[in-house]
Amino acid sequence: MPAARASVRRDAPTSDRVAALDAMRVVSMAAVVALHASAAYMTVRIPGLIWLVNEPAGSEFVQHFAWWAYGATMPAFFALAGYAAAAVLEVKGTRGYALDRARRIGLPFLAAIPAVLIPTVLIWMLGLYLAGRCEVAELLALSFADGQIQANRFGPAHLWFLAYLIPMLALLGVVQSWCRERPRSMHGVLSHFCSPLTPLMLAIPTTLILWLGHWWNGVDPILDLRNSFLINPIRWLHHSLFFIAGLGWHSGRTRLPALTRGPLPWLFLAGSAVALLVRVRWLPLDLAASLTGSAAWVSVASASLFGWLTLYGSLGVCAHLARYGGRAIKYLSDSSYWVYLAHFPVVGLVQADLFGVALPSPVKFLLALAIGLAWSLLTYEACVRRTWIGRWLRGGAPRVPSVPRPVYLDRDEVPRRTMA
């Protein structure tokens, strides 16, 4: 290795790994838009989730998709955010990391409050009025007779992901500063997250956290969707485990491609399908009347296994997609942050507009999904991609430091195309 500067090279395993993570980002983003498009057409209502309209009939197909999406999307989001944070921290150091994450996560969150959250509130008010859940006087006063609406009227809505991510990023910076004399020991511990047994091992503490949240709030943290600017510590702890897994993926990144090859990803996904079947069996009963005893343990254990097995299984699927996606995957990955920020009010507006229209719920779901994605991608291409907003959201690849490093770094490992 040269003494003056760490080399930057692009080998096949590294390219495959970055492409697989890009594909996972794209699939996860599409799944989140679809999840929001499904919320109006579910057959089982989630306590604390105040949606602008709810179709009386709903759809079992849409409901089962929603159960899958609620358990599968957020683990991927937080794991990708963890990988991105570790990559920036390694290349830029603690100070550069703090500035980068403030610019890429903190400032977009603050900017999205007036730009996205206020239109969302207005559209939600329209929907609640059209659905007959409130009167004009209640909207004007922002005081509602419906207790659930009243309790959830102020919050970050879909921006809750950023609200929960920011403390994780801050804590990572503090831990890195405190442990900078012992980076190798941390690296060694985190690299074990690239072991084939990791999903099963991590399911144990995750089950305990989910059970604790279920015991405390009557619903596990995955479905604790109350809208509030106050962070639920149990829910935050649950999502933090997946963020830490992303840190581990970066520490053991040379071993990560091994998890995407052979039958292992398909075994993970087969196990996740079984876990989902168990989860779906108990969820309606749990939401109708909070489960207790062994039934509660079965519900949260199946949710835990489903989340981890789906996350690790999807690595292999996304690696396969990346081999055929090429530039399309890169483009969609670049746009993912904007899609996340921009789609939510548009999806809600489509659902409010379709309320009462004589169409099957699955058709309305597909229309909301298609229009939400089309709007987000068209505005990205026309108004964002080539502007300072696009450069801001995509980020820039940091320069490799002049201090020699013990490993070769791939420029594309730094999250130029990450949403977090």
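Trainee: Is glutamine 351 buried or exposed?

Mentor: Glutamine 351 counts as buried, because its relative accessibility is 0%. Buried means under 20% relative accessible area, exposed means over 50%, and partly exposed is in between (1.4 Å probe, protein chains only). Keep in mind that this is a predicted model: local features need pLDDT of at least 70, side-chain atom pairs count only at pLDDT 80 or more, and totals for chains, interfaces and linings use all residues. Residues are numbered from 1 along each chain as its sequence is written, and side-chain values use heavy atoms, with hydrogens and water left out.

Trainee: Which helix does glutamine 351 lie in?

Mentor: Glutamine 351 lies in helix H11, residues 327-354. Helices are DSSP runs (H or I, at least four residues), and strands are too (E, at least two), numbered from the N terminus.

Trainee: What is glutamine 351 in contact with?

Mentor: Leave aside neighbours within four places in sequence. Then its contacts include His36, Tyr41, Trp51 and Ala368. Contact means heavy atoms within 4.5 Å.

Trainee: And how far is glutamine 351 from leucine 369?

Mentor: Their C-alpha atoms are separated by 9.8 Å. Along the chain, glutamine 351 and leucine 369 are 18 residues apart.

Trainee: New topic. How many helices and strands are there?

Mentor: The protein has 13 helices and 0 strands.

Trainee: What about helix H2, how far apart are its ends?

Mentor: H2 covers residues 60-130, which is 71 residues, yet its end C-alpha atoms are only 24 Å apart. A straight helix would reach 105 Å at 1.5 Å a residue. That expected span is 1.5 Å times one less than the number of residues.

Trainee: Where is the kink in H2 centred?

Mentor: On glycine 93, and the kink is about 125°. The bend at a residue is the angle between axes fitted to the seven residues ending there and the seven starting there.

Trainee: What caps the N-terminal end of H2?

Mentor: Serine 59 does. One of its side-chain oxygens lies 3.3 Å from the backbone nitrogen of phenylalanine 61. Just after H2, glycine 132 takes a positive phi of about 75°.

Trainee: Which residue other than glycine has a positive phi?

Mentor: Alanine 157 is one, with phi near 55°. Alanine 157 is found in the loop between H4 and helix H5 (160-178). Its relative accessibility is 22%, so alanine 157 counts as partly exposed. Leucine 142 is not a glycine either, and has a positive phi of about 50°. Leucine 142 sits in the loop between helix H3 (136-141) and helix H4 (147-151). It counts as partly exposed because its relative accessibility is 28%.

Trainee: Now the core. How many residues has the largest nonpolar one?

Mentor: The largest nonpolar core has 82 residues, and Phe78, Phe243 and Trp249 have the most contacts inside it. A nonpolar core is a set of buried Ala, Val, Leu, Ile, Met, Phe, Trp, Tyr and Cys residues joined through side-chain atoms within 4.5 Å.

Trainee: Where does the largest share of this core come from?

Mentor: From H2, with 20 residues. Apart from this core lies another, of 22 residues, among them Leu35, Tyr70, Leu210 and Val219.

Trainee: What share of the whole protein is buried?

Mentor: Buried residues make up 54% of the 420 residues. Among contacts between residues at least 6 apart in sequence, 82% join residues at least 24 apart.

Notes:
Polar contact = N/O pair within 3.5 Å; in protein donor to acceptor, adjacent residues only side chain to side chain.
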